[in-house]
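Biologist: I have a protein model to read. Where do I begin?

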Amino acid sequence: MLEVAPSILAADFTKLLEEVKTVENAKFLHIDVMDGHFVPNISLGTCVFQNLKGKVQMLFDVHLMISHPEIYAKTFIESGADYLTVHLEALEESKTDVKEMIRQIHEYGSKAGLAIKPNTPVKDLVDYLEDLDLVLVMSVEPGFGGQKFMKQALDKIFFLKQQKIEHSYSYLIEVDGGINDQTAKLAAQAGCEVVVAGTYLFHSQDRVKKIKELEAL
Ligand code: DX5
Ligand code: ZN
C-alpha cells in the first residue's frame with residue numbers, strides 16, 4: 001500500500017485549482033519550490049499555493065529546493081505546508097544546525113522532512129531520523145520534472161526502512177523523481193511509503209485511476 005503525492009510542477013498553472021481537483025483522491029499534494037540557486041530552475045513561491053488551502057482536502061507536502069531554508073521555513077508553514085521538507089545539503093551549506101531546524105519546523109506547526117540528493121549518502125541522515133516525520137529520497141537530480149528514475153535510490157529506501165523497523169521510528173519514506181507504475185513498484189518493494197508523481201499523472205487523462213493503481217502497489 002502506497003500513498004501518492006501528485007507534484008503540481010507538471011500541472012497546467014493557468015488552471016491550477018482545476019488541475020489539483022483532478023488528483024484530489026491522493027492523500028498528499030506535492031509542491032516543489034525552487035530558487036534558481038540551490039537547483040538550476042525557478043518554480044514557484046507561496047502566492048501560487050496558499051490560496052489552494054482549504055479548497056482541497058489533501059495534505060500539503062512542500063519540498064523546498066532552496067538555499068537558506070532556515071530563513072523561509074516559517075513563511076512556507078504559515079502559507080499552508082502540512083509537511084515541510086528541506087534539503088540536508090542546503091542546511092550544511094548554510095551551517096544551520098539540523099536538529100534545531102527540525103525543532104523550529106515543529107514549533108511553527110508543521111511536520112518536518114529532510115531530503116537528500118542522489119549523490120548524498122543516506123547515512124548522513126542517521127543522527128536526525130528519530131526527529132523526522134518524513135524522509136525524502138531524490139531519485140533524480142532535483143530541478144526538473146520528467147527525468148529518468150535513478151535506481152540507486154532503492155538502496156537508500158531499503159536502508160531507511162530497516163532503520164525505521166529496527167528503532168521504531170515514525171517517519172514516512174518518500175521517493176521523488178521519475179515515478180511511474182514500474183518504478184513505483186520497485187520503490188514499494190524496497191520499503192517506500194509515499195511516491196511523488198508529476199509527469200506520470202498530469203500528462204495522463206485517467207489520473208484518478210492511476211493514483212488508485214499506484215496506491216494498490
Ligand atoms: C524534481 C521535483 C519533483 C518533480 C517530479 O526536482 O522535486 O517533485 O516534480 O517530477 P516527475 O514525476 O515528472 O519526475
Ligand atoms: Zn519534489
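Modeller: Begin with one term. A contact means heavy atoms within 4.5 Å. Keep in mind that this is a predicted model.

Biologist: Which elements do the buried residues of α3 pack against?

Modeller: They pack against two kinds of element. The strands are β2 (28–34), β3 (59–65) and β4 (83–87). The helices are α2 (46–49), α4 (88–93) and α5 (98–107).

Biologist: Which residues of α3 are buried?

Modeller: Buried means under 20% relative accessible area. In α3, residues 69–78, the buried ones are Pro69, Ala73, Phe76 and Ile77.

Biologist: Why do they line one face of the helix?

Modeller: Look down the axis of α3. Its buried residues fall within an arc of 95°, so they line one face.

Biologist: Which residues are exposed on the other side of α3?

Modeller: Exposed means over 50% relative accessible area. On that side, Ile71 and Glu78 are exposed.

Biologist: What comes just after α3?

Modeller: Check the backbone angles there. Gly80 takes a positive phi of about 125°.

Biologist: Now the whole protein. How many helices and strands are there?

Modeller: The protein has 9 helices and 8 strands. Buried residues make up 55% of its 217 residues.

Biologist: What does the radius of gyration tell me?

Modeller: Compare it with the value for a compact globule. For 217 residues that would be near 17 Å; this protein has 16 Å, which agrees. The C-alpha trace spans about 45 × 35 × 30 Å along its principal axes.

Biologist: And what share of the contacts links residues 24 or more positions apart?

Modeller: Count contacts with a separation of 6 or more. Such residues account for 65% of them.

Methods
Residues are numbered from 1 along each chain as its sequence is written. Chains are lettered from A and ligands numbered from 1 in the order in which they are written. This is a predicted model: local features need pLDDT of at least 70, side-chain atom pairs count only at pLDDT 80 or more; totals for chains, interfaces and linings use all residues. Side-chain values use heavy atoms; hydrogens and water are left out. Helices (H or I, at least four residues) and strands (E, at least two) are DSSP runs, numbered from the N terminus. The radius of gyration is taken over C-alpha atoms; the globule rule is 2.2 Å times the number of residues to the power 0.38. Buried means under 20% relative accessible area, exposed over 50%, partly exposed in between (1.4 Å probe, protein chains only). The arc is that of the directions from the helix axis to the C-beta atoms.
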